[in-house]
Amino acid sequence: MNRRVLVCQNTSCRKYGAAQVLKAFQQAKVAAERSGCLGQCGNGPMVIVLPEAIWYDRVQPRQVPIIVEQHLQQGAPVQPWLYQKFHAV
Ligand code: FES
């Protein structure tokens with residue numbers, strides 16, 4: 001499955017470091033695109049993995065290599081970091 005990542009780059013998420021998160025995905029050489037506001041301001045940086053539409057909140061650059069390896073490459077979402085609002089356990 002070809003997965004790709006959306007990283008919100010609107011004001012609120014950028015305030016929490018979304019630009020660095022997008023950069024980290026791009027440096028990992030995965031398909032990563034900037035998105036407009038995803039409607040979850042204050043919980044960012046918000047990241048969505050497509051095509052499954054799995055959400056991560058408050059993503060920091062140090063988490064990116066783990067999301068890339070476990071989710072994008074191996075297909076196993078990183079459960080502890082999922083956005084609980086949409087992926088409640
Ligand atoms: S600014 Fe990212 S969800 Fe609104």
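Two strands count as paired if DSSP finds at least two bridges between them. I note this criterion at the outset, as the entries on strands rely on it. I also note that the model is predicted.

**Entry 1: the hairpin.** I looked up how strands β3 and β4 are connected. They form a hairpin with three residues between them. In the turn, A53 has a positive phi of about 60°. β3 pairs with β4 (residues 54-56) in the antiparallel sense, over three bridges. Within this pairing, I found V49 opposite I54 of β4.

**Entry 2: the fold as a whole.** I then listed the secondary structure, which comprises three helices and four strands. Read from the N terminus, the order of the elements is β-α-α-β-β-β-α. I recorded a radius of gyration of 12 Å for the chain, close to the 12 Å that the globule rule gives for 89 residues, so the chain is as compact as a globular protein of that length. The C-alpha trace spans about 30 × 30 × 20 Å along its principal axes.

**Entry 3: strand β1.** Which strands does β1 pair with? I found four bridges to β3 (residues 47-50), with the two strands running antiparallel. I found four bridges to β2 (residues 32-35) as well, here in the parallel sense. L6 illustrates both pairings: its bridge partner in β3 is I48, and its bridge partner in β2 is E33. I also checked burial, taking buried as under 20% relative accessible area. Four of the five residues of β1 (residues 4-8) are buried, so this strand is largely enclosed by the rest of the structure.

**Entry 4: contacts and surface.** I looked up how far apart in sequence the contacting residues are. Among contacts between residues at least 6 apart in sequence, 61% join residues at least 24 apart. Buried residues make up 46% of the 89 residues in the chain. The chain exposes about 4,900 Å², of which carbon and sulfur atoms supply 51%.

**Entry 5: charge.** The chain has 10 positive and 4 negative side chains. The centres of these two sets lie 10 Å apart.

Methods: Residues are numbered from 1 along each chain as its sequence is written. This is a predicted model: local features need pLDDT of at least 70, side-chain atom pairs count only at pLDDT 80 or more; totals for chains, interfaces and linings use all residues. Side-chain values use heavy atoms; hydrogens and water are left out. The radius of gyration is taken over C-alpha atoms; the globule rule is 2.2 Å times the number of residues to the power 0.38. Buried means under 20% relative accessible area, exposed over 50%, partly exposed in between (1.4 Å probe, protein chains only). Contact means heavy atoms within 4.5 Å. Accessible areas come from the Shrake-Rupley method with a 1.4 Å probe; for residues, only the protein chains shown count as cover. Lys and Arg count as positive and Asp and Glu as negative; His and the chain ends are not counted. The place of a charge is taken as NZ of Lys, CZ of Arg, CG of Asp or CD of Glu.
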